[in-house]
Amino acid sequence: MSSSTPARSVLYRGGVIHSAADPFAEALLVADGRVAWLGSDDTAATLAEDADEVVDLDGALVAPAFVDAHVHVLETALALTGVDLSADAGVPTLAAALDRVAAAARTTGVGGAAGGTLLGHGWDETAWPEGRPPTRAELDRAAPGRAAYLARTDVHAAVVSSALADAAGLRTLRGWREDGWVTDDAHRAARAATRRPDPASREGLYRTALRAATAQGVVSVHEHSAPSFDTREGLAQLLSLTADATSALPLVVGYRAELVQDVAAAQDLLADVPGLTGIGGDLTVDGSLGSWTAALRAPYADRPETTGLLELDAEAVAAHLVAASLAGAQAAFHAIGDRALDVVLAGVRAALAGADARAVRGVGARV
């Protein structure tokens, strides 16, 4: 705004203002887009005459806008446009989930392009009376000939159809099971194969998710991008969409989950994605509890044959942390289980014991 343009002021009064500065505030004055004052409604009466606009809140709550620190924008858009198999969406049983998939498979453009991959999400077998996930055979019957991907509610496992398994070469990958349950490498490959829209479609999906965030009072999101569900080019496109404050979209803070083991690789990534904040984010040290892939010190009570899946060791964590820090980017890791957190802490200790400890301390890391 030009310095010659007078500031516009709006007085909001008669509400409940959530602020640590004044826990009992009932009104606030916004001048030129910034909070200039907050206080009692009685005092607000003396300011009303000079304000350009006065808004009666009628008892409404006014709170700071939200920042969502862990988002997958493309995944969110695909969930918004895909087949919702959650209990909240009226899917109380496995049979109901398969019926909904079958209905979507018969409907052009639902859950994916006509004849393309059918995407479903949100199911939780622990809430179903059948007590188990769908199988590949059941999915094949519900969506004959269709490539189909149904993500569990934690999004660290899925069930896929035979058509998708064949198209993406899943059967030879770690994490494949013959009943169509996929985790680990097989899950990443399945997700990657179903998430490659053209740039125009991708932008539309980004805007769908970001507008949904705006409607919930979110003004900024931390995008945790990863090769299995978006590209470097896609992340760069997403960051450029919201770089201008006039976009009317939430500001996107970018993280990219690619393992880097030297500073040259980190610098290459930063050059490919201008404005990137961190290298990591959903850089998976382990998986999730719901899919029995979070790495635990002791076996799962309901799956005593497993302690989860560890995907990175302390040496890789330390090298990534040093490389990202030397490149000036924040390192970030996904770790859920106690054994995975042990690995992250061991990696941090190793990095801090090395020659580049000063750089590591200067940039910091997040888990």
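## Strands, cores and a tryptophan cluster

Ala-31 stands opposite Arg-34 in β4. This is a predicted model, in which local features need pLDDT of at least 70, side-chain atom pairs count only at pLDDT 80 or more, and totals for chains, interfaces and linings use all residues. Residues are numbered from 1 along each chain as its sequence is written, and side-chain values use heavy atoms, with hydrogens and water left out.

Strand β3 covers residues 27-31, and strand β4 covers residues 34-39. Helices (H or I, at least four residues) and strands (E, at least two) are DSSP runs, numbered from the N terminus. β3 and β4 run antiparallel and are joined by 5 bridges. Two strands count as paired if DSSP finds at least two bridges between them. The two strands form a hairpin with 2 residues between them. In the turn, Asp-32 has a positive phi of about 55°.

β3 also pairs with strand β1 (residues 9-13), again in the antiparallel sense, over 4 bridges. Here Val-10 stands opposite Val-30 in β3. Of the 5 residues of β3, 4 are buried, so the strand is largely enclosed by the rest of the structure. Buried means under 20% relative accessible area, exposed means over 50%, and partly exposed lies in between (1.4 Å probe, protein chains only).

**The parallel sheet**

An open sheet of 6 strands runs in the order β7-β13-β14-β15-β16-β17, with parallel pairing. At its edges stand β7 (66-71) and β17 (365-366). Each has a single partner strand, so one side of each is left without a neighbour in the sheet. β7 pairs with strand β13 (residues 218-225) in the parallel sense over 4 bridges. Within this pair, Phe-66 stands opposite Val-218 in β13.

Helix α8 (residues 232-241) packs on the sheet and touches β13 and β14 (251-256). Contact means heavy atoms within 4.5 Å. The direction of α8 makes about 160° with that of β14. Axes are lines fitted to C-alpha atoms, for helices over the stretch in contact, and angles run from 0 to 180 degrees between N-to-C directions.

**Tryptophans**

A search of the whole structure finds 3 aromatic pairs. Rings of Phe, Tyr and Trp (its six-membered ring) pair if their centres lie within 6.5 Å; planes under 30 degrees apart count as stacked, over 60 as edge-to-face and the rest as tilted. Two of the pairs are set out here.

| Pair | Centre to centre | Angle between planes | Class |
|---|---|---|---|
| Trp-123 and Trp-181 | 6.3 Å | 65° | edge-to-face |
| Trp-181 and Trp-292 | 6.4 Å | 50° | tilted |

Both pairs link distant parts of the chain. Trp-123 lies in strand β9 (residues 118-123) and Trp-181 in strand β12 (residues 181-182), 58 residues apart. Trp-292 sits in the loop between β15 (278-279) and α10, 111 residues from Trp-181. Trp-123 is buried at 0% relative accessible area. Trp-181 is buried at 6%, and Trp-292 counts as buried at 14%. Trp-123, Trp-128, Trp-181 and Trp-292 form one aromatic cluster.

The charged end of Arg-303 sits over the ring of Trp-292, 3.7 Å from its centre. Elsewhere, Arg-366 lies over the face of Tyr-255, at 4.8 Å from the ring centre. A charge sits over a ring if NZ of Lys or CZ of Arg is within 6 Å of the ring centre and within 35 degrees of the ring normal.

**Cores and helix α10**

The largest nonpolar core has 61 residues. A nonpolar core is a set of buried Ala, Val, Leu, Ile, Met, Phe, Trp, Tyr and Cys residues joined through side-chain atoms within 4.5 Å. Residues with the most contacts inside this core include Val-73, Tyr-149 and Ile-279. Helix α10 gives the most to the core, with 7 residues. Apart from it lies another core, of 24 residues, among them Leu-98, Leu-118, Leu-139 and Ala-294.

Leaving aside neighbours within four places in sequence, Ile-279 is in contact with residues including Arg-256, Leu-269, His-320 and Ala-324. Ser-325 lies in α10 (residues 314-326). Ser-325 is buried, with a relative accessible area of 4%. Beyond its neighbours within four places in sequence, Ser-325 is in contact with Ala-359, Val-360 and Val-363.

**Gln-267**

Gln-267 lies in helix α9 (residues 263-272). Its relative accessible area is 45%, so Gln-267 is partly exposed. The C-alpha atoms of Gln-267 and His-121 are separated by 35 Å, with the two residues 146 apart along the chain.
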